[in-house]
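Please look over the sequence and the model before reading on.

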Amino acid sequence: MRLALPVYHPTRPGTVLIRGGLPLEKIAVQRLQELGVPELYIRCPKLAEIERTRSPAVEAARAQITGAISGAFDAAARRFDPELDYGTFRAVITTLITRLSEQDRASFVSELAGTGAPALRHATDVAMLATLIGLKIDFYLLSERPKKSPTQAKDVTSLGMAAMLHDIGMARLDEGALHRWNTTRDETDERWREHVQIGYRMLSGRVDPTVSAAVLHHHQRFDGSGFPLTKAGGYVPEALSGSGIHVFARIIAAADMFDRLVHAACDPGSEAYELQTRPAVRALRILQREDVACTIDPVVLWGLLNVTPAYPPGTIVRLSDGSRAVVASWDPAHPCRPKVARVCEGEAIDILRDDPDGRPEFFKLSERPELTIAECDGFDVSEDNYDISDIAVPDGVLPDDDALAA
């Protein structure tokens, strides 16, 4: 076996253990298991299409972001007024934006190698996803940031920085508050809610105001049910709502909600190991429920659904006819009906030999209406599949199809 992507150290962000393309020996697999590396991306010549969906350059940029976040959390936990390296934060986000822009159709796929600290993985995932959403809905940023020039309005560097640091205030919460939050997930806990003000005070005056403001308001909800309360526009403190929330905060809120739905462990004090508690398709379906969707800017939700595969390439699924298949690629127009290839049963994933050359049978579920995905990661997802047309976006907000394709 040869690695398709490099393996990064689970507790030393940015440190490469094994470079992509190298052969993988049994003793190396055992050592990686001991280190807590949960998964590897193995090269499969018959499924080269899957490998093309992952970019080593993007993965390297992602590792740099994790390393920068790690240093920020360590500094915040040790010092009352940490000297955070904001130049580094801007540099790693700029690199990420460049790498994503080089992809034909960049999408969000959570890093397989992960990191040893759930809080670092969460911050990295939110930064990646928020940046992708911002790039996807740049047309919306123009209308939501009218005081900026078009170039400035569409610049998502500050968005990525704010997403990296959105939970930096949690590093200052006492153990009791963190334990209560990790145990109960009670968003009404006033002590836990203070993390947004703590983060804001740590960043205010040191970064662009949009960064600190997005950190302060990333728990505001589109329907006005979030926090912190503010007197903006009146005498009685109340939560912000709708366009009264900076668009960067709205984007980070959606990315944060998605990642917390997928992963059980997210915050400082969480267990060092983490398991995927829900497949992406279920998390995306939950975000579309009426009681949840009302809390998210509908254009932002549209953007999230257009950059996040319901079934990421490489995922093993079971189809409605009982057969197993591997997801080869995805189409945002048909998010729950991706291109797949059937695979054999058993511990090893062997491609079915459908012809003398042993080529796998690739087909698009969008062209096979009798088949659907029924199971993913051990979950029955037959009721989670959705269509992108189900998303209600106000008339006149989205550009026409040709502009979106461009």
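## Basis of the model

This is a predicted model, in which local features need pLDDT of at least 70 and side-chain atom pairs count only at pLDDT 80 or more, while totals for chains, interfaces and linings use all residues. Residues are numbered from 1 along each chain as its sequence is written, and side-chain values use heavy atoms, with hydrogens and water left out.

## The chain as a whole

The chain contains 17 helices and 8 strands.

Of its 406 residues, 50% count as buried. Buried means under 20% relative accessible area, exposed means over 50%, and partly exposed lies in between, with a 1.4 Å probe and protein chains only. Among contacts (heavy atoms within 4.5 Å) with a separation of 6 or more, 65% are made by residues 24 or more positions apart.

## Helices H4 and H5

Helix H4 (residues 86–101) packs with helix H5 (residues 118–136) at an angle of about 55 degrees, and their axes are 11 Å apart. Axes are lines fitted to C-alpha atoms, for helices over the stretch in contact, and angles run from 0 to 180 degrees between N-to-C directions. The two helices are therefore oblique to each other; angles under 35 degrees count as roughly parallel, over 145 as roughly antiparallel, 65 to 115 as roughly perpendicular and the rest as oblique. The crossing of H4 and H5 is right-handed, a term for the near helix being turned clockwise from the far one by less than a right angle, with anticlockwise giving left-handed.

On the H4 side, Leu-96, Ile-97 and Leu-100 meet Met-128, Thr-131, Leu-132 and Leu-135 of H5. By class, this contact has 6 nonpolar, 1 polar and no charged residues. Here Ala, Val, Leu, Ile, Met, Phe, Trp, Tyr, Cys and Pro count as nonpolar, Asp, Glu, Lys and Arg as charged, and the others, Gly among them, as polar. Thr-131, located in helix H5, counts as buried because its relative accessibility is 0%. Leaving aside residues up to four places away in sequence, Thr-131 touches Leu-96, Ile-97, Leu-100, Val-156, Leu-159 and Gly-160.

## Cysteines

How many disulfides are there? The count comes to 0, a disulfide being a pair of cysteine sulfur atoms within 2.5 Å. Cys-336 has 4% relative accessibility and so counts as buried; Cys-376 has 3% and so counts as buried.

## Backbone details in loops

A cis peptide bond, with omega about 5 degrees, joins Phe-227 and Pro-228. Pro-228 belongs to the loop between helix H12 (209–216) and helix H13 (247–262).

Arg-185, a residue other than glycine, has a positive phi near 55 degrees. This residue lies in the loop between helix H9 (175–184) and helix H10 (190–193), and Arg-185 counts as partly exposed because its relative accessibility is 29%. Phi is also positive, near 55 degrees, in Asp-377, found in the loop between strand S7 (373–376) and strand S8 (379–380). With 43% relative accessibility, Asp-377 therefore counts as partly exposed.

Tyr-41 sits in the loop between helix H1 (26–35) and helix H2 (48–51) and counts as buried because its relative accessibility is 13%. The C-alpha atoms of Tyr-41 and Gly-314 are separated by 8.8 Å, although these residues are 273 residues apart along the chain.

Conventions
Helices (H or I, at least four residues) and strands (E, at least two) are DSSP runs, numbered from the N terminus.
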